[in-house]
Amino acid sequence: MNTLKSILVALVLAITTSFYGQTADEIINNYFENTGGKANWEKLDGVTMKGVMKMQGMEIPFEQVMMKDGRQATTIELQGNKMVWGAFDGETYWSRNQMTMEPEKTDSETTENMKKQVKDWPSPFLNYKEKGYTVELIGKETMDGTETFKVKITKDPLLINGQSQPNISHYYFDTENFVPIIIEETINEGPMKGKTIKLSISDYQEVEGLYFPFSQSSEFQSMNFKEFDLNPELEKTLFAFPEGK
Amino acid sequence: MNKNLLLIFAALLCLQVQAQEIVLKGKELFGTLEARQIGPALMSGRIIDLENHPTNDRIIYAGTAGGGVWKSTSGGASFTSIFDDHAQSIGVVKLDPNDPDNTIWVGTGEIWTRNSVSIGDGLYKSSDGGANWKKVGFENSERISSIVINPKNSKEIYVGVLGALWSDSEERGVYKTIDGGATWEKILYVNQRTGISDILMDPKDPNTLYASMWEFRRTAWGFNSGGPGSALYKSTDAGKTWKKIHNGFPEGDLGRFAIAVAPSNPNILYAVIESKEDKGLYRSEDAGNNWKLLNGDFGLVVRPFYFSRIVVDPKNPDILIKGGLYGSISRDGGKTFKSMGDMHADIHDVVFDINNSDRMYVGTDGGVYRTWDGGSTLDIVDNLPLSQFYHISVDNEEPYNIYGGLQDNGSWWGPSSSTGGIEARDWNRIGYGDGFRVLKHPTKNIIYSEMQGAQNVWRYDVDKNYTKNIQPLSIKGEADLRFNWNAPMAISDHQPDRFYMGSQFLHVSEDMGTNWKKISPDLTTNDPTKQDKESGGISVDKSGAETHTTIFTIAESPIDQKVIWVGTDDGNVQITKDGGQTWTNTIENIKGLPKNTWVYHIEASAHNKGTAYAVFDGHTTGDMNTYVYKTSDFGATWKSLVTDDIIGFARNIQEDYVNEDLLYLGTEFGLFITIDGGKNWSRFTNNMPAAAVHFIDLQKKTNDLVLGTHGRGIIIIDDISPLRQLSQENLAKDVHFFKAEPSIIKEKSGFGGGSTELQFVGDNPSTNTKIAYYLKKRHTFGKMTLSIQDANGKEIIDLTPGKSKGINIITWNHRKKGPKVAAGKTFTYGGFTAPRVAAGTYKAVLSKGKKKFEHTIVVKNDPDSQITKEERVNHAKITQELFDDMEKLAYLVYQINQNVKKAQDVLEKDPSSQKIANAVIKELNTLKETLVVTSGDNYVAEAEPQLREKLSKLYSKVANQFEKPSASTIENKEVLEKRLNDGEILFQKIKDKQVNKFNKYLEKKEIAPAKALSFEDFIKK
């Protein structure tokens, strides 16, 4: 988006928002409209995201593939070794054991929860009604110093340690341009259970007509993307559990 | 739009911006500047109401006195706060029995009405298990005691309002909604003095209700429980009509009731009655028609205002527990009781596990306890940081310590930072009973502390582990001393041994409390009508908590020791300018302040000796307004600093030591900050709950703002110095880097940790360099980077920048990028080590679109360090050499791998290459096996370490230390470097022989040889 256009859009939006109260659906529609158009998001089959992950003082180059059918794979480079660290082929979800560096299947509950999240990509809001999700505009809230719309999305419940638990996320859409700048989710397990993790999203840039956030960070790690390849052609083996290894 | 027009338009906008003052509120201003909650949780705090899920035994809620609502999804193993943004004083938590996973109702305002209780501000509802909350009304209720929901109809709800503690109120009684809370009807009301202490619904018949009424009132100097309004009512028509059910109860005025219906048999009811005659536990077996007195034990009748809760086992109508000093349990239907097992005293509520009545959860003045054996042995929940500080102070140690006293939990001190986090064991006790003010001697290792009403004032010599009781006593021919429950003490900035205490007189000691001198007349109103000695009402309650007409705050001017301010709980602001010889009461000079309003705090300015701030609190008369005043002329005139931005009555103010316009105000609902001398205030909410802030201190060395909250422990905002620099000029900039003190590479380190995952551990402050900047607008579109560069502009590392509007704080750990590491089968931990930079001047360069913004960072070595400059130079040199060795090895292994891979690829397609390719593979792999591990794992199946493992271990050891590497380190380095060198030579030999042969073969076959990047390109990759 060139500067002139973005100023105009911002001005128009500022006027619009001051006159009309927003509904959650309007916010979501504006979001898709401002980031490339809903039709284009629907057409997207997958993406490979290349970047660097920073955590605990380490910088780890990675490539993450996310496909419309739910398949995903994360390849990392650690001390000269490039390897698929974990993947999901639609059925089997696996990742490498840190000690042996060998692939291991995740527990069945986690895999089932993963299957439920297949439809979240590229955005849980895209045709959310068809997915059986509900959204609710909670209200306006200042996040990152900026006025936002707080929108709650309730997805399919997750199974955590044998019990079904509600699966709620909060997205904070900047009231000026309708892109999410913060996502909040609750940690379901471990010592941090019940705490909220806040993901800060920024550096939106255009890639073939769609806007992607090139930076996502939380208090634990940050991911900075260098490249988004849309609709990549990939080997099936990338996702599959490496049997016999 | 024409481009020129646009420019004009933009210019106009700029003009307007310049003309207008920039006022940013709340998060717009504070951005991502965050508070740090350090607890402690070891003594926890008062619990008001417990609620468990009717079908899921993992879920339990705790409503607390000053710390909001906490939820456990682990069967009480641990809890998480779910109500941070709202009033933290809770009366009742109730789950909708028809939708217990999602619908939670919270009535705010504590119902165990001790002197120190806070206030609520209405009824709240969550429809998503506590993720979001909406206020549903009852804003002026102050205290909601009960919420009852028809188990067959979620829209039919009864709310019991206990109401205002310190004043008349019509917002009391039983309210009913039949539309889920949209509209409410008051269906039972007695008078302005009498509220609802409990509503019960018959578990089998939602039309049958019981409601207990309680007449009560507190003043600053007394408490009354009981009167003609107190009574027990029953309705059998869903609240349309009510009748008193007192058949068998004592005659005359009654006080507070505790009531319960046995869930397994609704005809059995229990009531504990506060009465002059025949007080005790009554039982009815005919649904309240007739009552019989069973037991008047101390455990049942003690302090009804504090303990009126009975809970009956859900499965057995004869097992019941009464809250009390220790909690009493009966297993014979209330005939006899024994005390519950050992736990913190003052039991307010109990819930039985839904499946196993041997398991219970108990709410006390000191947190939630769990029992697995029917209440015999109890275990505290270790992660509820609900500590209720009355007062805090800090010392000047490094790291500094925090001192403070707590409601019913003594006095404590602990560090602001500790290796592994601030753990329970880092806290030290410094007094018993209720704790209040705790002060550290400015120069000696001596701590002053006290308990309620100055019954004891301790001077503790830390080094000698020796305690002396030093409270001022009344002397012959003079009046008895009146000390406030929370008696004031103060130390002098001018004379380290000077110690002040206030009764109705100001007492001063020049020898740390050994000898005392009175330096004032009675500075209070000495109003005998406010000196009630028989407080309590029907049950006498003489704890000393109601002693009034006392001094409450003392402030010696940090500029002139002769200037001393004194504030009293009955509304006098007294000043002496001659060290106590003459006193002037300036209260008449304060406009707009109701007479006799409690002077909660006076802050003598550090900038000007005539300047002071006074904070008044009228809540004990029912006046919930905020009163903050400033004088610049020794109290001759006072100006109010209150704006509509402030929520809640105030208790404390702290002036900034550097910027006079920067003030920090603690109110009943949180922290408020002004950067313009009180013209505008902003609520600070970043990791700061809406907790009552009772006291604020500002640490002078670190510029940390330390808050003593009454319900959420100690909360710290580390280094508030950016707030001092929020001038109009800086706020107008797109990006402004805040000036900072040089950052120190700390050399001290030790061992900590060891708390279990269920124990609360407070976060430490960051010891890294802080890069703080202000953004006028949040960065959302386009690229933004933050690069750390050396003085010549060479990048050392890039950091992830903060993008928030307002203040952003990024930390840098003084490290460069780590080395490129040789690829092996596993990874080597040492290879993750990045070397530190040397002390010096660096730049942070923030790039936003095409614009760049620079900031200078000065990094210094630890001033406590014994390491010489020469040693540091040597250390840096050896570290760099080892770093280079690591990368050389990485490159060597890379070249080997490239050649091996090529040979393998060729071999796969061309069997005739077998001999010549295998020679390459074999020779190179044999070499590689000596350079890096090629088998095993990262744990106990680890392979024998090879050169990479040994080298990275040595490199990491050297890079992480500060001192010059030892002779043995150097020797070890030489051994490894020789191996590296030998490896390189051998590689060259193989290259010249086997690889060369193989390449010639490839040439013949017209196949390109193995490609390898140059060393420089490989490192950059």
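I note that the model is a predicted one. Within this pair, I looked up the partner of B:Leu320 and found that B:Ser330 in β25(B) is its bridge partner.

I then placed the pair in its sheet. The sheet is open and has four strands, in the order β23-β24-β25-β26 (chain B), with antiparallel pairing. I recorded β23 (310-312) and β26 (338-339) of chain B as the edge strands; each has a single partner strand, so one side of each lacks a neighbour in the sheet.

Next I turned to chain A. I found four helices and 13 strands in chain A. Its radius of gyration is 19 Å, close to the 18 Å that the globule rule gives for 245 residues, so chain A is as compact as a globular protein of that length. Along the principal axes, the C-alpha atoms of chain A fill a box of roughly 60 × 40 × 35 Å. I noted that 26% of the 245 residues in chain A are buried. Of the contacts in chain A with a separation of 6 or more, 42% are between residues 24 or more positions apart.

Last, I examined where the chains meet. I found 42 residues of chain B in contact with 36 residues of chain A. On the chain B side, I sorted the residues that touch chain A into 11 nonpolar, 19 polar and 12 charged.

Conventions
Residues numbered from 1 in each chain as written. Chains lettered and ligands numbered in written order. Predicted model: local features only at pLDDT ≥ 70, side-chain atom pairs only at ≥ 80, totals over all residues. Contact = placed C-beta atoms within 7 Å. Nonpolar A, V, L, I, M, F, W, Y, C, P; charged D, E, K, R; others polar. Pairing = 2+ DSSP bridges. Helix = DSSP H or I, 4+ residues; strand = E, 2+ residues; numbered from the N terminus. Rg over C-alpha atoms; globule rule 2.2 N^0.38 Å. Buried ≥ 20, exposed ≤ 12 C-beta atoms within 10 Å, placed from the backbone.
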